[in-house]
Amino acid sequence: MAAFEELYRQHARRLYNLAYRMLGDAADAEDLLQEMFLQAFRKLGSFKGESSLGTWLYRLGMNLCLDRVRSRAAKNGRQTDSLDADDAPVVAATPAPADLVVNRVDLERAIATLPDGCRAAFLLHDVEGFDHREVGEILGISEGTSKSQVHKARLRLRGWLRGRPALAATGTR
């Protein structure tokens, strides 16, 4: 049990941050962190040692994040079906982002707009510091696919952030 506590101490913060960035909600991230370690405890016997324990734990955590994101998308799809009905009220367009410099909130919003695969690879590589081989192991994709996903994520983020009017005016990029 002491070894599992040490595993928690070593990885909980980073896994929470990953879950928060994937889900965008602190309460959901906390719930998912608990679920990650519960699953890790249950599945620790299936760990084959083919990768580091940390990589295995991240893979387990990322799979749970992606399951949660897909579940949310399916649930939201069902909810918006009723809004697409002919008799649904017209909703005003979302206003353009305020003239602000890029800050952490802007970046978090931009990351949230990325497709799931790009977001996962980007967070693991550029935020968490895993190399492409490790990202591939965690996500179950090839190293080349990891590179491609991170590249696409960077391009999308750059485009999203450049699309903000204040960025050009302030020179902040």
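Close-up 1. The model is a predicted one, in which local features need pLDDT of at least 70 and side-chain atom pairs count only at pLDDT 80 or more, whereas totals for chains, interfaces and linings use all residues. Residues are numbered from 1 along each chain as its sequence is written, and side-chain values use heavy atoms, with hydrogens and water left out. Arg119 lies in helix α5, where helices are DSSP runs of H or I with at least four residues, strands are runs of E with at least two, and numbering starts from the N terminus. Leaving aside residues up to four places away in sequence, Arg119 touches Arg21, Met22, Val69, Ile111, Ala112 and Leu114 (contact means heavy atoms within 4.5 Å).

**Close-up 2. Helix α5 and the residue Gly129 just after it.** The 12 residues of helix α5 (residues 116–127) should span 16 Å at 1.5 Å a residue, and the end C-alpha atoms are 15 Å apart, which agrees; the expected span is 1.5 Å times one less than the number of residues. The buried residues of α5 are Cys118, Arg119, Ala120, Ala121, Phe122, Leu123, Leu124 and His125. Just after this helix, Gly129 takes a positive phi of about 85°.

**Close-up 3. An aromatic cluster that includes Phe4 and Phe37.** Six aromatic pairs are found in a search of the whole structure (rings of Phe, Tyr and Trp, the last by its six-membered ring, pair if their centres lie within 6.5 Å, and planes under 30 degrees apart count as stacked, over 60 as edge-to-face and the rest as tilted). Phe4 and Phe37 form an edge-to-face pair, at 6.1 Å centre to centre with 85° between the planes. This pair links distant parts of the chain, since Phe4 belongs to helix α1 (residues 2–23) and Phe37 to helix α2 (residues 26–43), 33 residues apart. Phe4 is buried, with a relative accessible area of 16%, and Phe37 is buried as well, at 5%. Ring pairs join Phe4, Tyr8, Phe37 and Phe41 into a cluster.

**Close-up 4. Residues that meet between helices α4 and α7.** In this view, Asp106, Leu107, Arg109, Ala110 and Ile111 of α4 meet Leu157, Trp160 and Leu161 of α7.

Definitions and conventions: Buried < 20%, exposed > 50% of the residue type's maximum accessible area, 1.4 Å probe, protein only.
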